[in-house]
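Here are my notes on the structure you asked me to look over. Keep the picture open while you read.

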Amino acid sequence: LTRGIQAWRPTMAVEKAGAGAFAPPGRPKGEESVSCGHANSAASELSLLVAATRARVSAIGLALPPSAALAAVPSAFQDPSGIAEAFFFVTFVPQNFWLLLVFAPNWKITRSVFEPLWPLCVVALAHLLIVIASAGQSPDAGTAPIELFNNLFNPLIVSERGIDVYQELSSYKNFAAEEWTHELTWDLFVGRWIWLEGRRRKIFTSHSVLLTNLIGPPGLLLHVLTVQIYAFFRSDDTEARWADPEALRTELEGK
C-alpha cells in the first residue's frame with residue numbers, strides 16, 4: 001500500500017505542473033490548476049481504495065497456499081523492533097480464519113475459533129506491539145512526527161490538503177504498519193460481529209463478511225440491507241427485524 005502511494009505522488013506532481021503550463025487560451029492558469037487539483041484529489045482517493053483492496057485480495061491469495069506465505073517469513077523476521085513480524089502476522093494469519101467465516105460459517109471449528117473473544121485479542125495485541133515499538137523511534141527510523149499527525153485533525157489544513165498530509169504520513173513505514181494493522185483488526189472485529197448476528201438471526205452472512213474483509217464498512221451496510229430483506233419476508237419473527245441486539249434482548253426479557 002505504501003509503495004503504491006509513493007508511486008502515485010510523483011504522477012500527481014507531474015499532472016499538476018502540466019495543467020498549469022498548458023492551460024487553454026482564454027482560461028486562467030490558476031483556474032485550470034484548481035480544477036486539476038480537485039480531479040487529482042478524487043483520483044488519489046480512488047487509488048488508495050484500489051490499492052488497499054488489491055492488497056487484501058493478495059493477502060487472501062497467499063493465505064490459501066501456506067508455503068507461499070511461509071516463504072516470506074525470513075525477511076519479515078529481520079526487524080529487531082518486532083514491527084515487521086507483527087505486520088506480517090496481522091496481514092496473513094487472520095486471512096485463513098476469514099475463510100472459515102465466509103465458506104464454513106456453521107462449522108464447529110469456526111464456532112470454536114470465533115465465539116470466544118480471545119483470538120481477536122491476540123490480533124489486537126500484535127497491533128499494540130506495533131504502536132509501542134513505533135512510539136520510541138525517530139522519523140529517520142520510520143515514525144511520523146507528531147506535528148504532522150496533528151495536521152490531520154486541523155480543519156483548515158485538512159480542507160486544503162488533507163489527502164496530501166495523509167500520503168506524507170504514509171511514507172513513514174511505522175505509520176503505514178500501524179494504520180494497516182489497525183484497519184485489519186477492526187474489520188475482523190466487525191466481520192465477527194456480522195457472523196454472530198447472522199447466527200442469532202438465522203440469516204446468510206457470507207457475502208457481507210467477504211465484503212467487510214475486502215473494503216470494510218460497505219460490508220456492514222450490506223449486512224443491514226440483508227437483515228431488512230429477511231425482515232420483510234419474516235415480519236412475524238421478532239428475531240429477524242433490525243434492532244440493536246442488547247435492546248432486543250432487554251425487550252424479550254421484559255415479556
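The points below go from the overall build to the aromatic rings.

1. First, a reminder: this is a predicted model. The protein has 13 helices and 0 strands, so if you go looking for a strand, the count by this definition is 0.

2. Next, the packing. The protein has 255 residues, and 36% of them count as buried. Take the contacts between residues at least 6 apart in sequence: 67% of these join residues at least 24 apart.

3. Now the rings. A search of the whole structure turns up 8 aromatic pairs. One of them is Tyr166 with Phe175, an edge-to-face pair with 5.7 Å from centre to centre and 75 degrees between the planes. Phe175 counts as buried because its relative accessibility is 9%, under the 20% cut-off. Tyr166, at 29%, counts as partly exposed.

4. Phe232 is exposed, with a relative accessible area of 66%, and Phe233 is exposed at 66% relative accessibility.

5. Which residues do ring pairs link into a cluster? They are Phe149, Phe153, Tyr166 and Phe175, so the Tyr166 and Phe175 pair from point 4 belongs to this cluster.

Notes. Residues are numbered from 1 along each chain as its sequence is written. This is a predicted model: local features need pLDDT of at least 70, side-chain atom pairs count only at pLDDT 80 or more; totals for chains, interfaces and linings use all residues. Side-chain values use heavy atoms; hydrogens and water are left out. Rings of Phe, Tyr and Trp (its six-membered ring) pair if their centres lie within 6.5 Å; planes under 30 degrees apart count as stacked, over 60 as edge-to-face and the rest as tilted. Buried means under 20% relative accessible area, exposed over 50%, partly exposed in between (1.4 Å probe, protein chains only). Helices (H or I, at least four residues) and strands (E, at least two) are DSSP runs, numbered from the N terminus. Contact means heavy atoms within 4.5 Å.
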